[in-house]
2 protein chains.
Amino acid sequence: MKVVKFGGSSLANGTQFRKVANIILADKERRIVVVSAPGKRHENDIKTTDLLINLADSITNGGNESLALNGVLERFAVIIRELELNDNLLTSIENHLNELIDFYRNDEARLLDALKASGENQNAKIMAAFLSNLGEEAHYVSPKEAGMIVTDQPGNARILPEAYGEIQKLRNRSGILVIPGFFGYSKLGNIVTFPRGGSDISGSIIAAGVEAEEYENFTDVDSVYSVNPNLVENPHEMKEISYQEMRELAYSGFSVFHDEALQPVVIKKIPVTVKNTNHPEAPGTRIVSRRSPNGQPVVGIASDKDFCSINITKYLMNTEVGFGRHLLEILEDEGISFEHTPSGIDNMSVIIKSHHFENGKEERVLHRIKTELSVEDVQVERNLAMVMVVGEGMFKTLGVASKATVALSEAGVNIKMINQGSSEVSMMFGVDEKDVDLAVKSLYHAYFTAVEEPTKA
Amino acid sequence: MKVVKFGGSSLANGTQFRKVANIILADKERRIVVVSAPGKRHENDIKTTDLLINLADSITNGGNESLALNGVLERFAVIIRELELNDNLLTSIENHLNELIDFYRNDEARLLDALKASGENQNAKIMAAFLSNLGEEAHYVSPKEAGMIVTDQPGNARILPEAYGEIQKLRNRSGILVIPGFFGYSKLGNIVTFPRGGSDISGSIIAAGVEAEEYENFTDVDSVYSVNPNLVENPHEMKEISYQEMRELAYSGFSVFHDEALQPVVIKKIPVTVKNTNHPEAPGTRIVSRRSPNGQPVVGIASDKDFCSINITKYLMNTEVGFGRHLLEILEDEGISFEHTPSGIDNMSVIIKSHHFENGKEERVLHRIKTELSVEDVQVERNLAMVMVVGEGMFKTLGVASKATVALSEAGVNIKMINQGSSEVSMMFGVDEKDVDLAVKSLYHAYFTAVEEPTKA
């Protein structure tokens with residue numbers, strides 16, 4: 001059994017729906033389908049979810065409700081027409097939306113959540129109807145019926161542990177099950193959306209719940225690339241990467257999955273495949289628990305900007321047990337998460353995202369560091385970027401670090417920081433923001449396109 | 001005014017005393033002299049301090065007291081004879097030791113401290129007498145008279161802040177002042193020795209107290225070398241290094257100064273010179289607050305063994321605010337200080353000295369990490385060594401990191417960890433212990449002896 005999820009661009013119009021249906025029907029294992037709301041059909045189009053947010057806003061703030069509602073209905077109407085489905089479907093969508101509006105009119109947060117969720121919800125109904133029309137046994141299954149039991153705070157759903165037992169029962173259902181992504185139901189019966197990861201997290205939870213053999217995630221790219229395709233032409237496609245490699249890349253500028261979306265499948269070690277709805281014959285990228293070694297120690301180069309480094313100096317720092325803990329405690333008190341903490345004997349740096357230092361927090365944190373830790377010097381270094389060279393087991397390979405440092409040096413990029421631990425799947429280089437694109441390109445070139453020099457005799 | 005300290009080998013016999021006197025008299029600024037106890041005269045000799053510890057032990061544990069006392073007195077007798085000083089001096093030393101023994105006989109810890117300290121104490125009296133005999137105005141000044149007021153715990157003296165005001169008054173005294181190192185007096189009047197750093201710390205405190213222009217530290221090497229002289233023949237001599245560079249090197253296998261010995265002069269920014277009693281015309285090594293740039297980004301290569309790395313993996317670790325703090329808190333609870341903490345997105349390593357994991361502590365710490373932090377995996381990696389490339393401002397120099405990584409790669413050394421922060425004066429490489437000497441030699445060669453290739457056009 002496979003759980004297969006389709007993103008918004010894969011369901012933006014009738015043509016896309018037909019491609020999706022073909023994909024579903026091409027593999028009998030594709031038994032559970034998780035759908036997003038209709039996405040953009042062209043660059044200047046508006047996503048259905050944004051039309052729904054606009055509708056909620058018009059109700060709450062006294063805008064033109066019927067205009068906003070018509071905008072939403074028109075998106076679905078076009079799809080229903082293109083798929084030659086019964087007009088009753090549109091009427092039922094309209095009725096459903098009006099019911100939600102009446103029910104939640106005086107509860108801004110619940111109204112927003114319920115309307116946002118209805119983009120996915122209606123799209124699942126359309127997909128189930130379309131598959132049935134094609135003569136397949138297909139059922140719309142609401143998240144409530146599917147067992148997606150979540151916490152109750154609007155816009156901040158977390159799946160509850162008992163949900164998994166319920167979701168597992170979907171295995172016993174016949175036919176193709178079409179489930180809307182992006183939301184679940186709380187025990188109080190409220191519709192609650194996930195804060196991040198949208199339909200990806202729904203698919204991941206359901207794949208984990210039914211213990212699927214595979215979680216297929218269809219989007220609009222052929223694969224995950226080894227480097228940002230805006231920086232490098234025809235970048236290398238990754239055939240297979242590990243969860244850990246994916247996490248390092250996702251964190252550092254690869255917008256494939258949100259941080260938390262994959263957690264449920266990672267725990268169950270279910271492989272994930274990223275594929276292209278518009279080009280389903282391409283093999284895509286497989287994300288697995290353990291990667292088979294293939295002689296390629298580095299799988300990708302990622303980068304991220306807007307970091308700063310708090311550089312602290314104190315004579316005899318290393319003899320002070322508790323210094324590091326106290327420093328991290330101050331940051332934790334102030335709600336600041338840190339990225340790396342390179343340290344010397346009498347120095348320690350903490351690298352954080354720059355936004356943590358907005359609204360006067362910088363002054364307060366530096367003051368606390370100076371006074372509570374009695375340091376001699378504390379300086380903030382700004383405009384830092386992190387470049388990550390990612391690859392599992394790369395540190396068992398001799399010369400990986402020298403290839404990177406030589407490439408950066410030859411490109412004229414000054415390395416300000418290096419962080420590499422022995423069990424890690426990445427090597428981090430801190431550079432000036434102005435150098436970051438050059439750094440990424442030179443590292444990509446060194447690992448992926450440079451002709452290898454003959455090995456020394 | 002200079003404070004000048006002489007180590008044990010510089011005062012081991014009459015010949016050495018004469019060299020020391022010549023050095024003192026060669027510079028009118030050498031007004032305060034801090035002396036150690038007589039050290040070894042040859043490889044198999046016993047240091048006076050060890051003879052004194054033996055004496056204390058024979059008293060406490062019922063050994064042959066008079067034999068042990070004679071051993072001590074004989075060391076001083078030889079020196080007094082060689083310097084042609086009055087025999088009364090030896091009698092007064094004998095009386096003094098007997099007084100200490102009578103007074104502290106029933107207090108093991110105080111007796112040990114008082115006897116240990118007397119090696120320096122008697123040597124200072126001999127040096128003052130010798131300088132007087134040469135026709136110079138010279139005075140023995142006891143640490144009590146000098147204002148060396150310390151805490152009262154035997155063997156664990158810490159200087160008290162009020163001491164510095166007392167010590168400053170030494171500026172007003174005439175003649176050459178000879179002060180024994182290694183101990184002070186508590187407010188209760190007890191002799192208390194310093195736990196670490198011996199006479200180095202006494203000299204450093206006195207230099208800071210009198211605000212000397214310079215603290216000269218005479219020992220038996222011409223200079224501090226850029227690398228362990230046991231690994232490399234004719235190693236590069238360091239002319240000038242900064243306190244910070246000294247600290248990084250001292251920590252990692254350079255046994256020039258103990259960690260804490262220099263703190264008093266560092267705070268007052270007093271330059272320190274390491275010189276050779278047996279070759280005083282050599283310029284020695286100057287240790288200064290700020291180093292003048294001289295085109296040499298790297299000043300030395302150091303190394304240290306017996307480390308292990310606790311490697312921790314947890315999915316979504318980076319989203320957990322407080323993870324790092326909690327981890328360091330567990331180590332702090334267990335009294336474990338850490339060296340470095342390289343981290344990835346879902347990994348964190350903590351590098352500690354291996355001895356921290358003795359006596360069942362490893363099991364307890366790993367258990368706490370597993371349970372309190374709910375991590376997926378925690379592994380201990382052993383037999384690690386750290387190699388430090390040290391140099392202030394080296395990271396403003398392009399290509400320093402690539403020179404190191406290429407040298408290690410060409411030597412066949414696999415780099416397991418790298419740690420470098422942007423304000424730091426060192427770059428750390430973690431390697432297998434078996435590779436450490438090779439790593440040090442290849443790095444030394446790369447920075448100090450390799451012929452520079454012509455710069456690329």
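Is Glu162(A) buried, partly exposed or exposed? Glu162(A) counts as partly exposed, because its relative accessibility is 37%. This residue belongs to a predicted model in which chain A and chain B bury about 5500 Å² between them. Salt bridges over all chains come to 64, and four of these counts fall between chain A and chain B.

**Interface between chain A and chain B**

- Chain A contributes 64 residues to the contact, and chain B contributes 64 residues.
- Carbon and sulfur atoms give 52% of the buried area of about 5500 Å².
- On the side of chain A, the residues that lose the most area to chain B are Arg247(A), Tyr315(A) and Ile345(A), which together make up 13% of what that side buries.
- Residue pairs in polar contact across the interface number 22, with both partners at pLDDT 80 or more.
- Several elements of chain A give two or more residues to the side that touches chain B, among them helix H9 (243-251), helix H10 (263-267), strand E12 (300-313), helix H11 (323-333) and strand E13 (347-353).
- Helix H13 of chain A supplies the largest share of that side, with six residues.
- By residue class, the side of chain A that touches chain B holds 21 nonpolar, 28 polar and 15 charged residues.
- The count of salt bridges between the two chains is four; a salt bridge also joins the side chains of Arg247(B) and Asp346(A), at 2.4 Å from N to O.

**Nonpolar core**

- The largest nonpolar core has 55 residues, and the members that touch the most others are Ile301(A), Met427(A), Tyr447(A), Ile301(B), Met427(B) and Tyr447(B).
- In chain A, strand E14 (377-390), helix H13 (400-410), strand E16 (426-432) and helix H14 (436-449) each supply at least two residues of this core.
- In chain B, strand E14 (377-390), helix H13 (400-410), strand E16 (426-432) and helix H14 (436-449) each do likewise.

**Salt bridges within the chains**

- Side chains of opposite charge can pair when their charged atoms come close.
- Glu162(A) and Lys187(A) form a salt bridge in which the closest N and O atoms are 2.5 Å apart.
- Because Glu162(A) lies in the loop between strand E4 (149-150) and H7 of chain A, and Lys187(A) in the loop between strand E6 (183-186) and strand E7 (191-193), this pair ties together parts that are 25 residues apart in sequence.
- Lys187(A) counts as exposed, at 61% relative accessibility.
- In chain B, Lys187(B) and Glu162(B) meet in a salt bridge of 2.6 Å, N to O.
- That pair links distant parts of chain B, 25 residues apart; Lys187(B) is exposed at 63% relative accessibility, and Glu162(B) is partly exposed at 36%.
- A salt bridge of 3.2 Å, N to O, joins the side chains of Arg290(A) and Glu392(A).
- Arg290(A) lies in the loop between strand E11 (285-288) and E12 of chain A, and Glu392(A) in the loop between E14 and H13, so the pair ties together parts that are 102 residues apart in sequence.
- Arg290(A) counts as exposed, with a relative accessibility of 65%.
- A network of salt bridges links Lys2(A), Asp27(A), Arg30(A), Glu214(A), Glu216(A) and Arg286(A).

**Selected residues of chain A**

- Lys353(A) belongs to strand E13 of chain A and counts as buried because its relative accessibility, 16%, is under 20%.
- The side chain of Lys353(A) makes a polar contact of 3.1 Å with the side chain of Asp304(A).
- Beyond four places in sequence, Lys353(A) touches Asp304(A), Lys305(A), Asp306(A), Phe307(A) and Glu339(A).
- Arg171(A) sits in the loop between helix H7 (163-168) and strand E5 (176-180) of chain A and is partly exposed at 34% relative accessibility.
- Arg171(A) and Arg31(A) are separated by 140 residues in sequence, yet their C-alpha atoms are 8.9 Å apart.
- Leaving aside neighbours within four places in sequence, Arg171(A) is in contact with Met1(A), Arg31(A), Val210(A) and Glu211(A).

**Positive phi in chain B**

- Asn234(B), which is not a glycine, has a positive phi of about 45 degrees.
- Asn234(B) is placed in the loop between strand E8 (214-219) and strand E9 (240-242) of chain B and is exposed at 73% relative accessibility.
- Asn359(B) also has a positive phi, near 55 degrees.
- Asn359(B) is found in the loop between strand E13 (347-353) and helix H12 (361-373) of chain B and counts as exposed at 79% relative accessibility.

Notes: Residues are numbered from 1 along each chain as its sequence is written. Chains are lettered from A and ligands numbered from 1 in the order in which they are written. This is a predicted model: local features need pLDDT of at least 70, side-chain atom pairs count only at pLDDT 80 or more; totals for chains, interfaces and linings use all residues. Side-chain values use heavy atoms; hydrogens and water are left out. A nonpolar core is a set of buried Ala, Val, Leu, Ile, Met, Phe, Trp, Tyr and Cys residues joined through side-chain atoms within 4.5 Å. Buried means under 20% relative accessible area, exposed over 50%, partly exposed in between (1.4 Å probe, protein chains only). Helices (H or I, at least four residues) and strands (E, at least two) are DSSP runs, numbered from the N terminus. Contact means heavy atoms within 4.5 Å. Buried area is the accessible area (1.4 Å probe) that two parts lose on being put together, summed over both. A polar contact is a pair of N or O atoms within 3.5 Å; within protein, one must be able to donate a hydrogen and the other to accept it, and residues adjacent in sequence count only if both atoms are side-chain atoms. Ala, Val, Leu, Ile, Met, Phe, Trp, Tyr, Cys and Pro count as nonpolar, Asp, Glu, Lys and Arg as charged, and the others, Gly among them, as polar.
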